[in-house]
Amino acid sequence: MKKGLRFIGLPLLIIIFNLFFCCNSFSQQLDKTGNLSINLTTDSSVNKKKEIKQVDFPEVVKKVFRSKKNTRDSSGNHFSLLPAAGYSLQTGFALLFSISGTFYAFKNPATDSHISTLVSSLTYSQYNQIIFPMQTDLWSKSGLYNYIVDWRFMEYPSTTFGLGGKTTLNDGYTINFNYLKLHQSIMRRISKNLFGGMGFYYDALWNVKEIGVDSSVKTSFDRYGFQKKIHAAGVAIRLQYDSRDNPVNPLKGTFLNIVYRPNRIWMGSSNNWNSFLDEYRGYFHLTSRSKNVLAIWSYNWLTVGKGKPPYLLLPSTGWDDFFNTGRGYVQGRYRGKDMIYGESEYRFGISKNGLLGGVVFANTQSFSSRLNRQLRLFSPGFGAGARIKFNKFTNTNLCIDYGMGIDGSKGFAVNLGEVF
């Protein structure tokens with residue numbers, strides 16, 4: 001399998017400062033037709049309201065093919081179908097069919113502020129990978145309960161580079177495995193925007209093979225403890241705070257997610273071990289007039305207490321639930337018992353009709369090795385990306401990013417919906 005390629009750049013704050021003062025900023029609000037109301041201030045006492053028609057990618061396609069049929073729905077239930085070809089560091093060139101949707105499961109959007117989401121896709125890649133996830137975030141009546149499901153099947157040749165933060169690209173080699181992930185949780189509202197609950201997490205990996213490795217060479221996987229079959233099962237305890245205005249593409253608000261997961265042999269695990277995740281996402285406007293967004297993400301994935309996680313279930317670059325940590329690095333570039341990760345992104349509009357936008361971003365990650373719990377090095381990444389409005393009613397973007405990291409790492413990342 002081709003190794004991931006992805007260097008340290010100038011501080012992102014300089015770029016953000018210039019973009020903030022160079023890009024157009026305006027106060028905006030989408031109405032139910034998907035149009036944008038803009039308040040233009042001509043002096044301190046006079047406001048004039050002008051409506052700018054918002055445009056998304058399906059409307060551009062309709063215009064190109066001169067279609068007059070209107071099948072768009074502004075009621076709050078929206079689904080996007082995307083057959084496509086793409087490229088990423090971990091998959092190479094890939095063919096995929098993706099569906100994403102936002103909908104109100106039980107109530108009218110006029111009386112229920114909680115919107116449910118569904119994301120699924122089927123991908124076949126240049127490296128003979130098969131990826132089939134299904135992720136849902138379903139809300140009950142009045143937003144009292146939140147049902148969260150993350151199921152996926154993967155046949156997944158991928159690259160590993162060893163443990164800790166001092167590995168190099170030359171350390172990489174291919175591991176092939178099949179992976180079944182069944183994570184589900186039920187959350188109940190404790191107070192406004194605060195939820196607590198439990199779930200059951202099950203992971204199974206089988207047909208684990210090291211590819212193209214001389215049998216006389218002892219790899220990092222061998223030294224850690226090679227396993228042809230891996231099982232992890234345990235009850236997950238969760239606490240979540242979410243004040244975001246839109247889970248697909250937030251313009252404001254805060255998201256906090258804490259998960260403690262003890263895995264036990266008596267429940268079906270290969271090993272006894274405990275993992276702890278704390279995640280923070282915040283969305284800010286640098287001035288009251290600007291709708292450009294500064295987004296901040298912290299993702300800390302730790303092994304706590306006694307026990308030894310299986311090698312392929314250790315915290316690793318790009319192995320968060322949506323495979324998004326570490327833009328600028330190939331998935332699996334770093335791996336260890338503990339992962340500390342942070343990222344910031346500045347999101348700005350390019351066209352006033354909302355069709356085109358852009359981002360600049362910077363991230364850093366640090367991992368502990370097997371023998372030393374001390375975090376080793378911080379590996380930075382940075383880059384920029386384009387945003388194409390795919391659905392103006394849900395504010396869903398097609399995101400195309402290019403990132404760079406240290407040691408020559410670089411590459412593209414593509415998402416339907418924001419990275420975080």
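1. The second largest cavity of this predicted model is lined by Ser158, Thr159, Thr160, Ile175, Phe177, Leu312, Trp319 and Arg335. Here a cavity is a set of points, on a 1 Å grid over the protein atoms alone, where a 1.4 Å probe fits but cannot get out, and lining residues have an atom within 4 Å of a point. Two elements give two or more residues to this lining, namely strand S9 (158-160) and strand S10 (173-191). Strands are DSSP runs of E with at least two residues, numbered from the N terminus. Strand S9 gives the most to the lining, with three residues.

2. The volume of the second largest cavity is about 30 Å³, where a volume is the space filled by probe spheres set on the grid points, which are joined across faces, edges and corners. By class, its lining has four nonpolar, three polar and one charged residues. In this scheme Ala, Val, Leu, Ile, Met, Phe, Trp, Tyr, Cys and Pro count as nonpolar, Asp, Glu, Lys and Arg as charged, and the others, Gly among them, as polar.

3. A word on confidence and conventions. Residues are numbered from 1 along each chain as its sequence is written, and side-chain values use heavy atoms, with hydrogens and water left out. Because the model is predicted, local features need pLDDT of at least 70 and side-chain atom pairs count only at pLDDT 80 or more, whereas totals for chains, interfaces and linings use all residues. The chain averages a pLDDT (the predictor's confidence in each residue, from 0 to 100) of 82, and 81% of the residues score at least 70. Over residues 1-49 the pLDDT is below 50, although this stretch has 123 contacts in the model beyond near neighbours in sequence; contact means heavy atoms within 4.5 Å. Where pLDDT is low, the predicted coordinates should not be read in detail.

4. Glu343 belongs to strand S16 (residues 338-349). Its relative accessible area is 3%, so Glu343 is buried (buried means under 20% relative accessible area, exposed over 50%, and partly exposed in between, with a 1.4 Å probe and protein chains only). The side chain of Glu343 makes a polar contact of 2.3 Å with the side chain of Arg327 and another, of 2.4 Å, with the side chain of Tyr341. A polar contact is a pair of N or O atoms within 3.5 Å; within protein, one must be able to donate a hydrogen and the other to accept it, and residues adjacent in sequence count only if both atoms are side-chain atoms. Not counting residues up to four places away in sequence, Glu343 touches several residues, among them Trp297, Phe361, Asn363 and Phe420.

5. Glu345 is also placed in strand S16. Glu345 is buried because its relative accessible area is 0%. A polar contact of 2.8 Å links its side chain to that of Arg327. Beyond four places in sequence, the residues that Glu345 touches include Val293, Arg387, Glu418 and Phe420.

6. Asn363 lies in strand S17 and, at 4% relative accessibility, counts as buried. Which backbone oxygen lies 3.1 Å from a polar atom of the side chain of Asn363? The oxygen is that of Arg327. Leaving out residues up to four places away, Asn363 touches residues including Tyr341, Glu343 and Ser379.

7. Leu356 is in strand S17 (residues 356-368). Is Leu356 buried or partly exposed? Its relative accessibility is 40%, so Leu356 counts as partly exposed. Its contacts outside four places in sequence are Gly349, Ile350, Ser351, Arg387 and Ile388.

8. Pro250 is found in the loop between strand S12 (230-242) and strand S13 (253-263). Pro250 counts as buried because its relative accessibility is 2%. Leaving aside neighbours within four places, Pro250 is in contact with Arg244, Asp245, Tyr283, Val293 and Arg347.

9. Asn128, in the loop between strand S6 (116-125) and strand S7 (130-139), has phi near 60 degrees, a positive value in a residue other than glycine. Asp407, in the loop between strand S19 (396-405) and strand S20 (410-416), likewise has a positive phi, near 60 degrees. Asn128 is partly exposed at 47% relative accessibility, and Asp407 is partly exposed at 44%.

Technical notes:
1 Å grid on protein atoms, 1.4 Å probe; cavity = no way out; pocket = protein on both sides within 12 Å on 5 of 7 lines; lining within 4 Å. Helix = DSSP H or I, 4+ residues; strand = E, 2+ residues; numbered from the N terminus.
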